[in-house]
Protein chains: 2
Amino acid sequence: MTIHYPNGKSYLQSKQPKSLSQDNNTSFSRRGMSLEAELNDANAYYLATGQAVVHKKPTPIQIVKVDYPQRSKAIIREAYFRQPSTTDYNGVYRGFYLDFDAKETKNKTAFPFRNFHAHQIEHMRQCLQQQAICFAIIRFVIYDRIFLVPADYLISKWDEQNHGGRKSIPLTAICEHGYEIKYALNPLIPYLDAVDRFIKDIHR
Amino acid sequence: MTIHYPNGKSYLQSKQPKSLSQDNNTSFSRRGMSLEAELNDANAYYLATGQAVVHKKPTPIQIVKVDYPQRSKAIIREAYFRQPSTTDYNGVYRGFYLDFDAKETKNKTAFPFRNFHAHQIEHMRQCLQQQAICFAIIRFVIYDRIFLVPADYLISKWDEQNHGGRKSIPLTAICEHGYEIKYALNPLIPYLDAVDRFIKDIHR
């Protein structure tokens, strides 16, 4: 049985190899929020403070049947989830077009490619052609470490995989090629700091 | 009774004042497509030809009840349409972040502001602060004329309206401050041509 602290982290977590876990004992009362919820929180903060306009796209839904009851609003009675053809987040920051997806993995040593769909990678490729700032935000749940991983790096590894390469990206490689995002107070995930470093490196 | 030609245009159309109707007798077999369908067509063309990555955002839906029948995919059984908090279209073009909404009006002399929601205008304002290329694509259905109208012009008129100004923008003003998009063959609405002219004027 796994014992959970009130902050949602499991007790087992502290038994992970020290070298890979972030040296961060401060709790910011995350209470087990999902990465998506944390990013929505960050986006709301950035919007309210006039720093960026980034929204999560709604889930695409195929609507089949809608009822229009009298004196009340339309009720969708039959609908199905559709596969999104893009990444989940996009927006504008200092004139830059940002485009990214957020992924979590419970894997301890690598990020498995099965978390991505081919069409998401294809979308990133198309965005890069248009000079987008394109990346993935990947959380290693067990260590509670978050990285901005540039899309061009992801895509190169994805293409290698399709030609017999490994089916995952090692955490050590992500540490090297990504930009770590440290938890903070407001917003919890100050991912624009990592975006700044990323943009600086692109235009170097 | 209005007589319709096979291309979906009404016979009455030709009776409109010559000065306002577009001098364009060529039919491109639009068959009465909606502006949204035409824009989706243009976006698919621009994507396939590597010119831009622009998608319409899915309609936001509040899901209340989902059934998971055995051996088949999830069925949404109760859901409601939510008010979108942004514009409908965004994407990236030559490093520029594009953000726009598409509106049609049957009005003959002006575009009524009731076609916009306050939150859409607010979203445009936020995007402009981040140096977005932000606009509306407005079609005057009766004349079949389409214009790219810059967001800053729209917003200034919107603000005037809220302080006792008129509740619409005259077509003559849109002719003057907007960029007309002429129907073509592929795509039907080559709106990036108007975006090019708009960007040129911004950076002049």
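Predicted model: local features only at pLDDT ≥ 70, side-chain atom pairs only at ≥ 80, totals over all residues.
The bridge partner of Phe147(B) in S10(B) is Glu180(B). Strands here are DSSP runs of E, at least two residues, and helices are runs of H or I, at least four residues, both numbered from the N terminus. Now show strand S8 (residues 145–150) of chain B whole: S8(B) pairs with S10(B) over three bridges, in the antiparallel sense. Pairing requires that DSSP finds at least two bridges between two strands.

**The sheet of chain B**

Six strands make it up, in the order S1-S4-S5-S7-S8-S10 (chain B), and the pairing is mixed. Look at the edges. S1 and strand S10 (179–181) of chain B each have a single partner strand, so one side of each is left without a neighbour in the sheet. On average, neighbouring strands are turned by 25° against each other, direction ignored.

Next, select helix H5 (residues 191–202) of chain B. H5(B) lies across S1, S4, strand S5 (96–105), strand S7 (133–140), S8 and S10 of chain B. It runs at about 135° to S7(B). Axes are lines fitted to C-alpha atoms, for helices over the stretch in contact (heavy atoms within 4.5 Å). Angles run from 0 to 180 degrees between N-to-C directions.

**Across to chain A**

Show both chains. In contact are 37 residues of chain B and 38 residues of chain A. The buried area is about 3100 Å², with 64% from carbon and sulfur atoms. That is accessible area (1.4 Å probe) lost by the two parts on being put together, summed over both. Pick out Ile76(B), Phe81(B) and Gln130(B): they supply 20% of the area that chain B buries against chain A, more than any other three residues.

How many residue pairs are in polar contact between chain B and chain A? There are 11, both residues at pLDDT 80 or more. Such a contact is a pair of N or O atoms within 3.5 Å; within protein, one must be able to donate a hydrogen and the other to accept it, and residues adjacent in sequence count only if both atoms are side-chain atoms.

Colour chain B by element. S3(B) gives the most to the side that touches chain A, with seven residues.

Finish on the two S3 strands. Strand S3 (residues 75–81) of chain A joins S3(B) through two bridges, running antiparallel. Centre on Ala79(A), which stands opposite Ile76(B).

**Reading the numbers**

Residues are numbered from 1 along each chain as its sequence is written, and chains are lettered from A and ligands numbered from 1 in the order written. Local features need pLDDT of at least 70, side-chain atom pairs count only at pLDDT 80 or more, totals for chains, interfaces and linings use all residues, and side-chain values use heavy atoms, without hydrogens and water.
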